[in-house]
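Please look through the sequence and the model, and then follow the sections below.

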Amino acid sequence: MNTFIIYISPAGTTREIAHTIEKTCQALGHTVRSFDLGNKIKVSEVAQCIKETMGEICVFIGSPVYACHAVPPIMEMISQLPERSGSYSVPFVTYGVVTSGIALYEMANMLNGKGYHVIGAAKILAVHSLMWQLKNPLGAGHPDEIDKKMIGDLVKKVDEKCNVKTVRGLSLSQLNYQPEALRSAMEQITLDVAREMLPSRQINQERCTKCGICADTCPVEAITCDPYPMFGKKCFLCYTCMRLCPENAIEADFSQVEGFLREKTKEFTEQPPSGIFL
Ligand SMILES: Cc1cc2nc3c(=O)[nH]c(=O)nc-3n(C[C@H](O)[C@H](O)[C@H](O)COP(=O)(O)O)c2cc1C
């Protein structure tokens, strides 16, 4: 089996899950190619690589959940996958306790539409990446060993499925697990709505040394330094620039964020927190 693992992971937890998938696939004898879209790899290059691969393929595709959805680079990747028959897919998401939203459902819908038969999926609890400055963030300690075992089991089951002649796909209704009223509300939430609610960033020009680390580490190359950093349209609010700035020169007022997110967890109370779908 030719296995592709494609993901983006500004704060590293989706990458941890992708690595577990990679190790398990390798142990099962798959030929594995991994692509971190936050690492200056173009969607078109990944699409071309898939196009040139002969035989059956399985694409594991992973995103953090941002404002109830998969992040834009992942949806862009799915939309650019070359159409091909005999291909399978397994969407997976990490989320920071609040809600996994409708990310898996939307990813699976689009993957099926592209002919990538969805045969498994996973949502995995993770530390909330907007809470990196806090001692006790939501989801602290996740993904843990149990989450990772769950992912390993998913990969083994997916492998078994691919080895039988008639592969049973996942019913999309399995991924449509949010209560109706919440789902309709989630459809209205967009990253632009979140942008209005999340703290805006300012550059402290006295601290900024114009080192360019923010631009280099931005997963979507949305920052230009002229000479101070400016955030372009592709910015999807991962705050990697702020987290990694060695001078703390990118400032934003996060004082309201913790209370807001903890309050939100009461609204959603998603169970089970981590889960696989087969
Ligand atoms: C802008 C933004 C929006 C987020 N929205 C959600 C959300 O809707 N639900 C949730 O549970 N976590 C949310 N999170 C937390 C991330 O989904 C979670 O921390 C994820 O594991 C991060 O993945 P990464 O470590 O691969 O970057 C959000 C984080 C950011 C930065």
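Which polar backbone atom lies 3.0 Å from an oxygen atom of the ligand? In this model, which is predicted, that backbone atom belongs to Gly96.

## Contacts with the ligand

The protein covers 96% of the accessible area of the ligand, which is 650 Å² when the ligand is taken on its own. Val65 takes part through its backbone, where an N or O atom is 2.6 Å from a ligand oxygen atom.

## The shell around the ligand

The ligand is surrounded by 24 residues, and the closest of them are Ser9, Thr13, Thr14, Val65 and Val127. By class, the shell holds 15 nonpolar and nine polar residues, while no charged residue belongs to the shell.

The ligand sits in the largest pocket of the model. Two or more residues of the shell come from each of helix H1 (13-27), strand E3 (57-66) and strand E5 (87-95), and E3 gives the most, with three residues.

## The largest pocket

The space in the largest pocket amounts to about 760 Å³, and 37 residues form its lining, with Tyr66, Ala67, His128, Leu130 and Leu261 lying nearest the centre of the pocket. Two or more lining residues are given by each of H1, E3, E5, helix H8 (191-197) and helix H11 (257-268). Among these elements, H11 gives the most to the lining, with five residues.

The lining divides into 25 nonpolar, 10 polar and two charged residues, whereas the shell around the ligand has no charged residues.

## Backbone features in the loops

Most residues other than glycine have a negative phi, and most peptide bonds are trans. Val97, which is not a glycine, has a positive phi of about 75°, and this residue is found in the loop between E5 and helix H4 (103-113).

The bond from His142 to Pro143 is cis, with omega near 0°, and Pro143 is found in the loop between strand E7 (121-125) and helix H5 (145-163). Asp226 and Pro227 are likewise joined by a cis peptide bond, for which omega is about -15°, and Pro227 lies in the loop between strand E9 (223-225) and strand E10 (229-231).

Methods
Residues numbered from 1 in each chain as written. Predicted model: local features only at pLDDT ≥ 70, side-chain atom pairs only at ≥ 80, totals over all residues. Heavy atoms only, no water. Near = heavy atom within 4 Å. Polar contact = N/O pair within 3.5 Å; in protein donor to acceptor, adjacent residues only side chain to side chain. Areas by Shrake-Rupley, 256 points an atom, 1.4 Å probe, with all protein chains shown as cover. 1 Å grid on protein atoms, 1.4 Å probe; cavity = no way out; pocket = protein on both sides within 12 Å on 5 of 7 lines; lining within 4 Å. Sits in = over half its atoms within 2 Å of the grid points. Helix = DSSP H or I, 4+ residues; strand = E, 2+ residues; numbered from the N terminus. Nonpolar A, V, L, I, M, F, W, Y, C, P; charged D, E, K, R; others polar. Points joined across faces, edges and corners; volume = space filled by probe spheres on them.
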